[in-house]
Structures are given as structure tokens and as C-alpha cells.
Amino acid sequence: MVMDKLGNSLQDALKKLVKSGRIDERTVNEVVKDIQRALLQSDVNVKLVMEMSKHIKERALKEEVPSGMSPREHVIRIVYQELINIIGESTDVPLKPQTIMMIGLQGSGKTTTSAKLARYFQRKGLKPAVICADTFRPGAYQQLKTLCDKLNVAFYGEEGNPDAVGIVERGLKEVQKYDVIVVDTAGRHSLESDLIVEMENIHAVAKPDYKLLVLDGAIGQQASEQARAFNESVGISGVVITKLDGTAKGGGALSAVSETNSSIAFIGVGETPNDLERFEPDRFISRLLGMGDIKSLIEKAEEALGDEELDVQSMMTGRFTLKDMYKQLESLNKMGPMKQIMQMLPLGGMGAKIPEDAYQVTGDKLQRYRVLMDSMTEEEMLNPRLIGSSRIKRIAMGSGCTGDDVRELLKYHKMMQTAMKGFRGGKFNMQKMMKKMGM
Ligand SMILES: Nc1nc2c(ncn2[C@@H]2O[C@H](COP(=O)(O)OP(=O)(O)OP(=O)(O)O)[C@@H](O)[C@H]2O)c(=O)[nH]1
């Protein structure tokens with residue numbers, strides 16, 4: 001789990017809400033106190049914690065409970081939204097040719113993250129190359145080269161040469177035919193002026209499209225100082241917080257992001273090259289709060305016909321992408337919106353006849369689909385028809401699954417798409433479809 005300790009304490013705090021009979025000022029104060037304690041123990045900055053608790057209290061007691069929502073759900077939704085407010089939007093690093101410069105102190109996880117990033121783009125069908133400009137730490141060259149070799153990623157470095165700027169200059173020429181170029185730079189034990197000068201010099205020749213600051217999830221308040229210093233010298237486009245798996249407190253790095261008005265691009269959740277996730281604030285907070293279905297809670301507040309209606313609209317008109325399908329499978333898994341949608345459709349009450357277990361998609365299947373889709377490009381997810389045999393091979397390799405797994409996902413998608421079109425004509429046999437899908 002991501003940030004175990006904070007997650008567990010936040011979840012305990014919210015459980016109090018579920019247990020208490022009434023939501024009054026006393027309950028809200030108690031829950032807010034527990035949340036404060038949880039955040040402070042995880043190194044979140046005091047000022048942020050105080051501001052956030054003030055907002056939660058004010059909103060929980062003053063805002064009207066949206067219709068269809070219980071007072072308890074109302075408070076949980078406010079906590080969720082205020083946590084999202086702290087971390088803000090994420091940085092979206094697009095899937096296109098670009099140069100990315102990595103910045104950070106020694107041991108933050110920069111080298112590992114450089115390889116993870118290359119892997120991330122490789123899985124998305126782009127050709128990455130990595131340049132090692134870390135001429136400070138003796139083992140850095142070998143570490144990065146070994147990682148790249150294992151991943152079959154192009155690598156440029158000059159072992160033993162201390163001229164980082166020259167290496168970047170020559171490296172860029174050498175790897176210019178690659179799509180995404182990741183430049184790993186050196187760190188220091190602490191923020192030293194020669195490190196800042198080195199970053200400025202490398203920045204001047206690399207002219208990177210993105211500058212990612214790598215912060216160790218375990219550091220405390222020093223994170224803000226680092227973020228500020230690098231931001232002032234070369235400017236930071238986004239932050240990668242590493243080591244958020246397991247016991248990392250994470251709050252120091254999260255506070256740094258909030259204080260410096262930067263945003264998170266990726267999080268590192270393990271030591272292997274695949275353990276890098278694109279940062280999605282809502283998913284992150286939902287996981288932290290242990291509430292897979294928090295989204296449906298939010299949607300409930302925005303009334304039955306919010307975003308969901310748009311999805312139904314797009315499905316009904318046949319524009320049913322793999323992304324739509326995944327979203328719906330997730331909902332199905334939670335016995336959520338899909339069931340309501342089916343019951344809303346003009347099928348003569350057909351929805352009511354569907355056996356309950358038909359709405360369940362096994363967690364394993366969902367997990368496999370997610371892994372497969374992580375290895376697809378945006379374009380492929382929007383238009384699965386592009387996926388021919390060579391792309392199937394690439395997706396299978398990138399996800400560690402088989403070609404049959406990819407074909408199964410595509411077949412499943414096709415069936416769902418046909419089903420959606422059938423809904424439109426009103427001539428669709430739901431039970432037959434469910435059977436075909438092995439549900
Ligand atoms: N558990 C876990 N470990 C990580 C993660 N990211 C990096 N590490 C580990 O952190 C340690 C330091 O990572 P490096 O990538 O070598 O650090 P660095 O920032 O490149 O250090 P310098 O090259 O000296 O600047 C290594 O043992 C990595 O395996 C992560 O997301 N989770």
C-alpha cells in the first residue's frame with residue numbers, strides 16, 4: 001500500500017464517523033483532531049494541516065448536505081476534497097518526443113527513477129534513451145548502464161569523465177534519433193552551491209522540455225527547501241516522489257509540492273523498473289483513505305446525471321473506447337453506476353432480471369486489464385482498432401502478459417461495444433452477453 005501509516009490513521013479517523021450515530025460539532029471536531037494527528041505524524045507541514053482542518057470544520061458544519069447523501073458521506077467527501085486541495089493538480093508529462101532532465105539530491109532515487117521513466121515510455125510505444133550525467137557518484141554510471149541494458153533501453157555515458165556538461169552535449173547528438181531522452185544528473189548529500197551551478201550548466205545545454213525534481217518520500221521538512229532552491233535556479237516542471245511504498249511518511253514531500261506551488265508527475269512505489277505510477281490525485285487520495293468507491297460518492301453528490309450521463313451518451317452512440325470500458329468495469333466491480341445505468345435504460349425492466357453476480361468482474365481480471373492498458377498508448381486506448389499483431393506483441397511484452405491476454409481484452413471490448421450499440425437499438429440480449437463474457 002502507498003504510505004501505509006498515514007493511510008491507516010486516516011482510515012481509522014473516518015471509521016469514527018461511520019460508527020458515530022450522529023454527525024454533530026463534537027464528532028466533527030474529534031475526527032478533525034484525528035486527521036490532524038495523522039497528517040502531522042506523517043510530516044505534513046503544520047500550517048497546511050491547520051488550514052485544512054479549519055476548512056473541513058467550517059464546511060462540514062456550514063455546508064448543506066447534498067440531497068441523496070447522508071451527513072456522514074458529506075463529511076467524508078469534504079475530507080477527500082480538502083486532501084486533494086493540498087496536493088493540487090498533477091503534472092502531465094505527455095507521451096511524445098521530448099527531453100527530460102532529472103534533478104535531486106543523492107539517494108533520492110534519481111537514477112532508479114530515470115530507468116523507470118525510460119521503461120514507462122517504452123511501455124507506451126516510444127523509444128527512450130538515457131544519458132548519464134552523474135559524474136559525481138562513482139557507481140552511478142554502472143548502475144544506470146546495467147538498468148538500461150536489462151530493459152533494452154539505449155544508454156549514453158562516459159565512465160570516468162568528470163565533465164557532465166560535455167557528456168550531455170555529446171550524448172544528445174548520439175541519441176538524437178530516440179523519442180524521449182532522459183538526462184540523469186548528479187546529486188550531493190545536501191544542497192550545495194556547486195550542485196546548483198552544475199544543474200544550471202546542464203540545463204543550458206540540454207534545454208529540457210521537462211525538469212523533474214526527485215524527492216525521497218521519507219524526507220521531512222527539508223523537502224521544501226530543496227524544491228524552492230531548484231525551482232529558483234532551473235525551474236521545476238514537476239515532482240517525482242519516490243519510495244512511497246511501504247512505510248514512507250511522505251508528508252514532507254507532499255508539503256513541499258504544495259508550498260512551492262509545483263505538482264506531482266509520478267510516484268515511485270517500489271524498486272523494480274515497473275514501479276512508477278503516473279500521479280492521479282483522486283486515485284491517490286482514494287487509496288489513502290481506503291475507499292475504492294469514493295468517486296461514486298462524489299458523483300452521488302453531483303446528482304445522478306452528472307459525468308455518468310456523458311459516459312452513457314458516448315457509449316450509446318458507439319464511441320466506446322477501451323478507457324470507457326475500463327471505467328465501467330471498475331464501476332461494475334463495485335456494483336455501482338453500471339447497474340443503475342442498466343436499470344435506467346428503456347429495456348422493459350430488463351435490468352431487474354440480471355442476476356446479481358453478473359455485475360461482478362473479478363478483481364484479477366480487472367488487475368490484468370489495467371496492466372495491459374498501462375502498456376498501451378493513449379491513441380490505442382481511444383481507438384483499439386489500431387491494435388494489430390505487432391502492437392499486440394509490444395503490449396504483451398510491455399505488460400508481462402501473453403498475446404492471448406491482449407486478444408482477450410480486445411475481444412471483451414468488442415463485445416461490450418456491440419452490446420452498447422444494441423442498447424441503442426433496444427434489441428440487445430443482456431443475459432446472452434453476460435454468458436459470452438464468462439460472467
Ligand atoms: N522501495 C523503493 N526504493 C526505491 C524507490 N526508488 C528508488 N529506490 C531505492 O533508493 C535507493 C537510491 O536510489 P538511487 O536511484 O540510487 O539514488 P540517486 O538519487 O540516483 O542517487 P545519486 O545517483 O547518488 O544522486 C536505491 O536503493 C533504490 O533502489 C522506490 O520507489 N521504492
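Axes are lines fitted to C-alpha atoms, for helices over the stretch in contact, and angles run from 0 to 180 degrees between N-to-C directions. Helices are DSSP runs of H or I of at least four residues, numbered from the N terminus. The model is predicted: local features need pLDDT of at least 70, side-chain atom pairs count only at pLDDT 80 or more, and totals for chains, interfaces and linings use all residues. Residues are numbered from 1 along each chain as its sequence is written.

Q: Why is α3 called roughly antiparallel to α4?
A: Helix α3 (residues 46-62) and α4 pack at an angle of about 150 degrees, with axes 10 Å apart. Angles over 145 degrees count as roughly antiparallel; α3 is therefore roughly antiparallel to α4.

Q: Which residues make the contact of α3 and α4?
A: Contact requires C-beta atoms, placed from the backbone, within 7 Å. From α3 come Leu48, Met52, His55, Ile56, Arg59 and Ala60, and from α4 Val75, Ile78, Val79, Glu82 and Ile86.

Q: What makes α4 and α11 oblique to each other?
A: Helix α4 (residues 71-87) and helix α11 (residues 281-288) pack at about 130 degrees, their axes 10 Å apart. Angles under 35 degrees count as roughly parallel, 65 to 115 as roughly perpendicular, and those left over by the named classes as oblique; α4 and α11 are therefore oblique.

Q: Which residues make the contact of α4 and α11?
A: Tyr80, Leu83, Ile84 and Ile87 of α4 meet Pro281, Asp282 and Ile285 of α11.

Terms used
Helix = DSSP H or I, 4+ residues; strand = E, 2+ residues; numbered from the N terminus. Contact = placed C-beta atoms within 7 Å.
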